[in-house]
Amino acid sequence: MKKMAIVAVLLAGVAAVLVLFGQISLVGQGNWPSRFQSNGERIYFTASSASGDAINPRGGNTHMGMMSNSGCASCHGADRLGRRLMPNFWTSAPPLTPAALFGEHDDDGHGDHDAYSDVSLRRAITEGIDAGGAPLDRAMPRWSMSEADLADVIAFLKSPVPE
Ligand code: HEC
């Protein structure tokens, strides 16, 4: 029993340190827009399309933020800079900025994948395959949505991140 108490205290300590250093946050970081400029932005934040067409994630529901059936922002951040997930804070959702996705891979601070094209980005979102052809962690949901909605999300991911 004593051992378990020690483990619990240690785990609480690790979690507290991570929260302190801003590595994990319980609410989405960055500012949520008060109204969406595009359907792609709306999908990114809410996982719902202006057209009313269904948008469904498969898997990936390990994140607390997903309980409310929210969009990409709940894991990748309102600022698109990525974040650690809760409760499994050892998993990170990577940044989805134009530099991180489409930039030269040695200066995007990410370094471990090739630049995405429209085709490979589509595959990452719907099939969970990264730019180099490797499967993404199951923490990333596999999304089904209409072609038009997918094109809108991709256009949004190409747009610059607001200051
Ligand atoms: C439940 C959390 C979660 C949600 C919601 C989520 N993702 Fe992810 N996503 C991840 C994780 C975790 C990874 C990293 C997987 C890995 O490292 O293998 C990822 C990876 C990605 C990648 C690959 C990035 C790279 O650097 O290779 C893309 C693209 C992506 N997500 C797009 C999206 C889009 C678009 C949405 C919304 C439609 C979305 N994700 C919603 C967790 C999430």
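This is a predicted model: local features need pLDDT of at least 70, side-chain atom pairs count only at pLDDT 80 or more; totals for chains, interfaces and linings use all residues.
Visitor: OK, and which residues of helix 5 are buried?

Guide: They are Leu121, Ala124 and Ile125. They lie on the same side of helix 5 because they cover an arc of only 90° around the axis, the arc being that of the directions from the helix axis to the C-beta atoms.

Visitor: What do those buried residues pack against?

Guide: The buried residues of helix 5 pack against helix 4, strand 4 (142-144) and helix 6. Packing here rests on contacts, and two residues are in contact if their C-beta atoms, placed from the backbone, lie within 7 Å. Just after helix 5, Gly128 takes a positive phi of about 70°.

Visitor: Let me step back, how many helices and strands are there?

Guide: The chain has six helices and four strands, which follow the pattern α-α-β-α-β-β-α-α-β-α along the sequence. Both kinds of element are DSSP runs numbered from the N terminus, with helices (H or I) of at least four residues and strands (E) of at least two. Of the 163 residues of the chain, 23% count as buried.

Visitor: Which residues touch the most other members of the largest nonpolar core?

Guide: In that core of 21 residues, they are Tyr44, Leu101, Leu121, Ile125, Val153 and Leu157. A nonpolar core is a set of buried Ala, Val, Leu, Ile, Met, Phe, Trp, Tyr and Cys residues joined through C-beta atoms within 7 Å. Two or more residues each come from helix 2 (39-46), helix 3 (73-76), helix 4 (98-102), helix 5 (118-127) and helix 6 (147-158), and the largest share, four residues, comes from helix 6.

Visitor: And which residues of helix 6 are buried?

Guide: In helix 6, Asp149, Leu150, Asp152, Val153, Phe156 and Leu157 are buried. Their directions cover an arc of only 160° around the axis, so they sit on the same side of helix 6, whereas Glu147 and Ala148 are exposed on the other side. The cover over the buried residues of helix 6 includes helix 2, helix 4 and helix 5.

Visitor: Asp149 stands out to me; why does Asp149 count as buried?

Guide: Asp149 counts as buried because it has 23 C-beta neighbours inside 10 Å. Leaving aside its neighbours within four places in sequence, Asp149 is in contact with Asn39, Ile43, Ser49, Asp53 and Ile55. Asp149 and Ile55 are 94 residues apart along the chain, yet their C-alpha atoms are separated by 8.6 Å.

Visitor: Switching to the ligand, which residues are closest?

Guide: The closest are Cys72, Cys75, Asp137, Ala139 and Met140, out of 25 residues that surround the ligand, where a residue is included if its C-beta atom, placed from the backbone, lies within 6 Å of the molecule. Helix 3 and helix 5 each supply at least two residues of this shell.

Visitor: How many of the shell residues are nonpolar, polar and charged?

Guide: The shell has 15 nonpolar, eight polar and two charged residues. Ala, Val, Leu, Ile, Met, Phe, Trp, Tyr, Cys and Pro count as nonpolar, Asp, Glu, Lys and Arg as charged, and the others, Gly among them, as polar.

Visitor: Backbone now: what is the phi of Ala47, and where is Ala47 found?

Guide: Ala47 has a positive phi of about 55° although it is not a glycine, and it is found in the loop between helix 2 and strand 1 (56-58). Arg80 is also not a glycine and has a positive phi of about 65°, and Arg80 is found in the loop between helix 3 and strand 2.

Visitor: Which residues does the cis peptide bond join?

Guide: The cis peptide bond joins Met86 and Pro87, with omega about 0°, and Pro87 lies in the loop between strand 2 (83-84) and strand 3 (92-93).

Terms used: Residues are numbered from 1 along each chain as its sequence is written. A residue is buried if 20 or more other C-beta atoms lie within 10 Å of its own, exposed if 12 or fewer, and partly exposed in between; C-beta atoms are placed from the backbone.
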